[in-house]
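Here is a short report on a protein model. Please load the sequence and the coordinates first.

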Amino acid sequence: MSGTQILSTHTPSGVTLQPGWRVPDYSGDNVANLMMSLALGLSDDRRPASPDCPHLDHLPPEAVRGHRHVLLMVIDGLGDAMLNGRAPCPTLRGCRALSLSSVFPSTTAAGITCFLTGQPPARHGLTGWHMYLESLDTVMAVLPGHPRGDGPAYTDLDITPRELLGLDPLFEHLAVPVNCVSPAAIADSPFNRSMTRAARSHVYEDLEGFFQGTRRAVLGSPGFTYAYWPDLDRLGHLHGADSAELRAHLGALDAGFAQLLERLSGSDTLVLLTADHGMIDAPLRLDLDAHPDITACLRHPLCGEPRVAFAYVRPGLHERFRELVNARFGYCLTLADSRELLNAGWFGPGPAHPALSGRVGDYALLMHDGWMVFDRVPEEGPRRMVAVHGGLSATERLVPLVAVRV
């Protein structure tokens with residue numbers, strides 16, 4: 001343990017980083033910078049990007065603007081390391097332009113919402129799969145819209161998820177026709193429906209349907225298409241980030257992508273493919289419920305992710321919580337004051353979402369590589385995930401940018 005501490009580094013926030021960890025830089029090659037390039041290139045707004053969140057150097061807005069169609073394919077969970085691994089993916093590997101950094105936390109709720117709003121988490125305000133919503137006084141899984149424990153679901157409310165969460169969909173600001181290619185399981189969900197209502201919907205059932213729907217959307221008219229595929233992430237959770245199941249699926253994705261490029265040839269389309277995050281196997285698990293003196297300090301269930309959990313501490317128990325966690329778990333996690341992460345820009349540049357500070361708890365439990373943390377609420381089953389994400393390791397944080405002009 002002590003040897004790793006010697007190699008650790010400090011950030012402007014004062015948080016000690018483990019070897020290989022890096023805080024996302026939103027002024028360079030980040031998925032938020034990619035989205036700034038697309039937002040500027042596909043809108044009538046010719047104002048320059050914010051110096052705090054500029055466009056991607058590799059893809060200036062004018063390069064986006066000059067195409068009949070722009071296609072953004074998002075493969076949930078596709079880490080950059082997967083293209084350099086054992087999976088048979090020659091087309092994706094050969095068309096890879098560079099590596100991008102995901103947002104913080106490196107997770108679906110924060111990353112997919114960056115794609116759907118064009119904004120980093122500091123601005124869109126979604127900080128993890130589970131998030132405490134002060135207006136409802138409940139912890140909710142914000143994408144499917146069901147509570148963690150007691151509380152309402154989206155279907156119980158009179159307002160849309162975008163109104164509840166304070167989101168501003170990117171698709172409504174673009175000056176070109178927009179298509180959204182979504183799996184049937186989420187296409188008509190309250191969150192997806194409220195975020196993509198400005199787009200023409202294309203729904204698919206399987207991998208073949210994903211590529212067929214994407215091709216039809218692109219060839220149908222000039223404009224922009226956003227196409228989302230979730231199953232690589234699902235297989236990683238079930239079997240592992242370098243499992244035979246995941247590698248086989250990545251091979252099938254690569255073959256479908258190669259065929260898509262052939263069928264779009266000559267259509268004057270800029271094809272971009274990236275991801276919301278990578279994945280890391282975490283066989284070591286910290287069950288916080290086995291430490292009732294620590295859970296007694298908490299006023300809400302854990303929020304965020306198994307790799308980066310946000311803890312809400314009862315008034316007057318902050319010092320006790322810090323002392324217990326640091327003394328007992330210093331070998332497997334780094335405890336950080338959430339205010340320091342906000343002030344240091346881990347969630348991206350502002351202006352900050354008005355509810356952001358209330359969505360990151362009092363402390364962040366940054367799990368060391370190989371570890372995840374969890375607690376349970378009544379009626380929750382055991383956590384059986386093999387690969388997870390959310391943290392600062394290169395495996396979780398770095399995603400590829402595949403770029404092809406056809």
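This is a predicted model: local features need pLDDT of at least 70, side-chain atom pairs count only at pLDDT 80 or more; totals for chains, interfaces and linings use all residues.

Residues are numbered from 1 along each chain as its sequence is written, and side-chain values use heavy atoms, with hydrogens and water left out.

**Helix 6.** Buried means under 20% relative accessible area with a 1.4 Å probe, protein chains only. Helices are DSSP runs of H or I with at least four residues; strands are runs of E with at least two; both are numbered from the N terminus. The packing partners of helix 6 include helix 2 (31–41), strand 3 (69–75) and strand 11 (269–274). Gly118 follows the helix with a positive phi, near 75°.

**Thr334 and His368.** Thr334 sits in strand 16 (residues 333–337). His368 lies in the loop between strand 17 (363–367) and strand 18 (371–374). Both residues are buried.

| Residue | Relative accessible area |
|---|---|
| Thr334 | 12% |
| His368 | 6% |

Their side chains form a polar contact of 3.0 Å. A polar contact is a pair of N or O atoms within 3.5 Å; within protein, one must be able to donate a hydrogen and the other to accept it, and residues adjacent in sequence count only if both atoms are side-chain atoms. The His368 side chain also has a polar atom 3.3 Å from the backbone oxygen of Tyr331.

Contact means heavy atoms within 4.5 Å. Beyond four places in sequence, Thr334 touches Gln18 and Trp21, among others. His368 contacts include Gln18, Trp21 and Arg307.

Terms used
Buried means under 20% relative accessible area, exposed over 50%, partly exposed in between (1.4 Å probe, protein chains only).
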